[in-house]
Amino acid sequence: MMEQLQEGYVSSVAASASCSAEVIGKDIFGVDVQFIRPAATHVQQEAMLFAQLKCTTQVTPDRDTKSF
């Protein structure tokens with residue numbers, strides 16, 4: 001459940017920065033997600049960033065509530 005939460009959060013942050021976040025399901029060199037930001041003009045190149053995600057918390061989600 002924590003992995004799904006972190007992927008949703010990362011996708012939201014990437015979208016607010018006009019980037020896309022591609023989750024990599026297969027473990028390749030410890031990379032979990034690839035961020036891609038499109039070029040602003042046709043002369044520029046797109047930018048890519050690879051990241052490894054870590055998610056820790058001491059809060060246990062309550063499945064009986066309607067919000068998190």
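**Basis of the entries.** I note that this is a predicted model, in which local features need pLDDT of at least 70 and side-chain atom pairs count only at pLDDT 80 or more, while totals for chains, interfaces and linings use all residues. Residues are numbered from 1 along each chain as its sequence is written, and side-chain values use heavy atoms, with hydrogens and water left out.

**Overall form.** I looked up the secondary structure and found 1 helix and 3 strands. Along the sequence, these elements follow the pattern α-β-β-β. The chain is more spread out than a compact globule, because its radius of gyration is 15 Å, well over the 11 Å that the globule rule gives for 68 residues. Helices (H or I, at least four residues) and strands (E, at least two) are DSSP runs, numbered from the N terminus. The radius of gyration is taken over C-alpha atoms, and the globule rule is 2.2 Å times the number of residues to the power 0.38. I also recorded the box that the C-alpha atoms fill, roughly 50 × 30 × 15 Å along the principal axes.

Buried means under 20% relative accessible area, exposed means over 50%, and partly exposed lies in between (1.4 Å probe, protein chains only). I then turned to contacts, where contact means heavy atoms within 4.5 Å. Among contacts between residues at least 6 apart in sequence, 15% join residues at least 24 apart.

**The nonpolar core.** Which residues form the largest nonpolar core? I listed 6 residues: Val10, Ala14, Val33, Phe35, Ala51 and Leu53. Helix H1 (2-16) and strand S2 (31-37) are the elements that give two or more residues to this core. A nonpolar core is a set of buried Ala, Val, Leu, Ile, Met, Phe, Trp, Tyr and Cys residues joined through side-chain atoms within 4.5 Å. I examined Val33 and, leaving aside its neighbours within four places in sequence, found it in contact with residues including Val10, Ala21, Leu49, Ala51 and Leu53.

Is Gln6 buried or exposed? Gln6 has its place in helix H1, and I recorded it as buried because its relative accessibility is 14%. Leaving aside neighbours within four places in sequence, Gln6 is in contact with Leu53, Lys54 and Cys55.

Gln34 is found in strand S2 and is buried, with a relative accessible area of 16%. I noted that Gln34 touches Ser20, Ala21, Glu22, Ile24, Met48, Leu49 and Phe50, not counting residues up to four places away in sequence.

Gln4 also lies in helix H1, but I found it exposed, with a relative accessible area of 62%. From Gln4 to Ala47 I read 25 Å in space, C-alpha to C-alpha, and 43 residues in sequence.

Where does Ser18 lie? I located Ser18 in the loop between H1 and strand S1 (20-28). Ser18 has a positive phi of about 60 degrees although it is not a glycine. Most residues other than glycine have a negative phi.

**The segment after S3.** I placed Cys55 in the segment after S3, where it is partly exposed, with a relative accessible area of 32%. Cys55 touches Met2 and Gln6, not counting residues up to four places away in sequence. Cys55 and Ser18 are 37 residues apart in sequence and 23 Å apart in space, C-alpha to C-alpha.

I found Asp62 in the segment after strand S3 (47-51), and at 45% relative accessibility it counts as partly exposed. Asp62 and Ala17 are 45 residues apart in sequence, and their C-alpha atoms are 30 Å apart in space.
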